[in-house]
Amino acid sequence: MSQRETTNQPTSCAPGQPRPIGASCMTLDGMVGVNFAVYSQHAERIDVCLYDEKGKRETARITLPTQTNGVWHGFVADLSAGQIYGLRAHGPYQPKDGQRFNPAKLLIDPYARALCGDLANLSLERDYLDVPSPDATVLDALPDPSDNAARIPKARVLDWAQERQAAARMAIGPRIPLDTTVLYEAHVKGLTQCHPDVPEPLRGTYAGLVSPPMLAHYRKLGITTLCLLPVHLHITEAHLLKKDLCNYWGYNTLGFFVPHPGYASTDCADVGEEFRFMVDQLHHNGLEVVLDVVFNHSAESDTFGPTLSWRGLDNASWYALDTAGQYINHSGCGNSFNLAHPCAIQWVMDCLRWWVEVYGVDGFRFDLATALGRDPVLAQGFHPHSALLSAIAQDPVLAQVKLIAEPWDIGPGGYQLGHFPAGWHEWNDRYRDTTRAFWLGHGATRGDFVRRLTGSGDLFQHEGRSPLASINLVATHDGMTLADLTAYCHKHNAANGEDNRDGHNHNLSANGGVEGPSADPEVNALRGKWRRALLCTLFVSQGVPQLLAGDEWGNSQGGNNNAYCQDNATSWLDWNAADQGLLGFCSQLIALRQSHAALRHAHWFSDDKAIVWRSPSGHALSATEWEDPQACSFACVIDLSVTGVSVSHRWLLAFHAGVQEVSFALPPGPWRQVLDSAHAVALPQSNWEQAPCYSGTVVAPAHCVLGLVQATSPAPTNHPL
């Protein structure tokens, strides 16, 4: 690696090229070097500061000589991969007009592919002096002239071609069909930090995620796709630092192209290589990885937050601002990227392609995804064919991966469930709330429940979308776990330091008569029935099921429904406390779903003969009966053979949320009971001959899902005379 020996001396810089944006190794006019390209429409000058290999000493400062269509660029010969650098931007410091240029502050390249340096207190890095009076705001402040380079992480140049070559040697992702996809939402650290069989140096790391005990668990459970909470490099907000807490979940991104170094094992020399190893091992074992990505806001927070990158480079271009230069805060985190601006659109697209092409990931779940479709022509309203959503739709690289939206943000018109374009899949909170309400006594009708059970056609049956557009979930990282959902009526978030004010208040939970842990066997038996009924519903519903890691064996967070700042035993999965019986039942449920198309039908039930709805007495339900708030029992018979699908059995599913047992009338013929959530029975087809056989009626215990099967008639065969 070539390093400049004379500190702060001018270095020869050719005009270079405006594309690609970022720092890229290339050969230009016969010379080998690095091309720097930085977007800043409003800057008067951009400097690139080169550093020694430890990122401590500035060895040269280069002024990019040319601006083309808002991109400052220059080519420096003799530089190579590994070069450490930072940026400085010159221009007006006029917060009321939306600009915060301050060349005293070293800035991180938004396109940095690797970073080196301490991340601990970056949220305290301000670009302004204290405001002049109690009545003044940061918009009246003066720029801070002190240089902060010693405290700021620096970017490291990567050879993009070499990174893509490394990715080409990885196992190809399995590309699981959507109708057999089972998502498993997990935190990289929390999943293995307390696993007794994972080698201690690997606990809480990318490598630990694919250690033999974890791979064995995924196989036993039957999930197909890990959906990981943010793995992009992130930092902790200032208000959490003051409380000696941290941003555990990671929704505060600073390095969008960079795997978070805190999840690398102790002997890791290259965090990118360990991340790639993780993905490669998952692919070798037939598993996908989907990343939770946060493009709605950055780690620079609100007006009072740190200046680390975008704010100092071109605040008015990168962020959505109002007419007073203040941040439009659709994210609730202090700022919102201006995702209608061409620079931001290209940056998001380049970032997504980087993770697919260089790290091999199989998809993305977009946090607060309404932000992706906010269109300035509609006064920041949402449009399913906004510039960014349209760019994603036409991209050939992204056409190969799963795209999942969290279809809301907190801005005006932010709730957009069901309104994303065809090809997208959406977290369905209506499914979550209705299934909770139905089983835990909060008043969902049979009609409400069936709409969610059959893919939420009222939300998604338009423009060619299928039931697979619905990501069905009972619990996620953001809320109570399944165990807590059935053990607490109230949130218990005191450890977060906000006097229990934070977190959702509408949990639709129940506790069985005792708040929190209980030694009462009747209470625990009831909670077990609830948990199994909820899991059973999840895995017999149309749509794509998503399971929260730990819910398969009863992980608890002590009632904390907003554990975003709990990097401790509250959030780390306690594998020693695992309910092996619940784990076995959950595994059997997933196996049944994967083996029988009737439990994961990928199309709308448009043929009345394919699914027939029945009351417990066997009659068809009237419209009034469907919406009766007091009734909580019904059944359906699913026979896909009438649609031409080759199946060996028709299914009867009986749902009973009542507190007393009830008899269900059966259609004619013998039926074998292969599923009983009340008694934790979910038999594989190889054991069906041992299942109890019923004719006429079957009794459903309280709080129960039953599944019965009957062989379909063989297709007629025409024999020649």
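Analyst: Start with cysteine 704: it is buried, at a relative accessible area of 0%. Buried means under 20% relative accessible area, with exposed over 50% and partly exposed in between (1.4 Å probe, protein chains only). This is a predicted model: local features need pLDDT of at least 70, side-chain atom pairs count only at pLDDT 80 or more, and totals for chains, interfaces and linings use all residues. Residues are numbered from 1 along each chain as its sequence is written, and side-chain values use heavy atoms, with hydrogens and water left out.

User: How many disulfides?

Analyst: Zero, taking a disulfide as a pair of cysteine sulfur atoms within 2.5 Å. Cysteine 704 is in none; its nearest cysteine sulfur, in cysteine 536, is 7.9 Å away.

User: Switching topic. How many cavities of 30 Å³ or more?

Analyst: Six. A cavity is a set of points, on a 1 Å grid over the protein atoms alone, where a 1.4 Å probe fits but cannot get out. Points join across faces, edges and corners, and volume is the space filled by probe spheres set on them.

User: What lines the largest cavity?

Analyst: There are 16 lining residues (an atom within 4 Å of a point). Closest to the centre are His187, Leu548, Gln557, Ser571 and Leu573. The largest cavity holds about 160 Å³ of space.

Methods
On a 1 Å grid over the protein atoms alone, a cavity is a set of points where a 1.4 Å probe fits but cannot get out, and a pocket is an open set with protein on both sides within 12 Å along at least five of seven lines; lining residues have an atom within 4 Å of a point.
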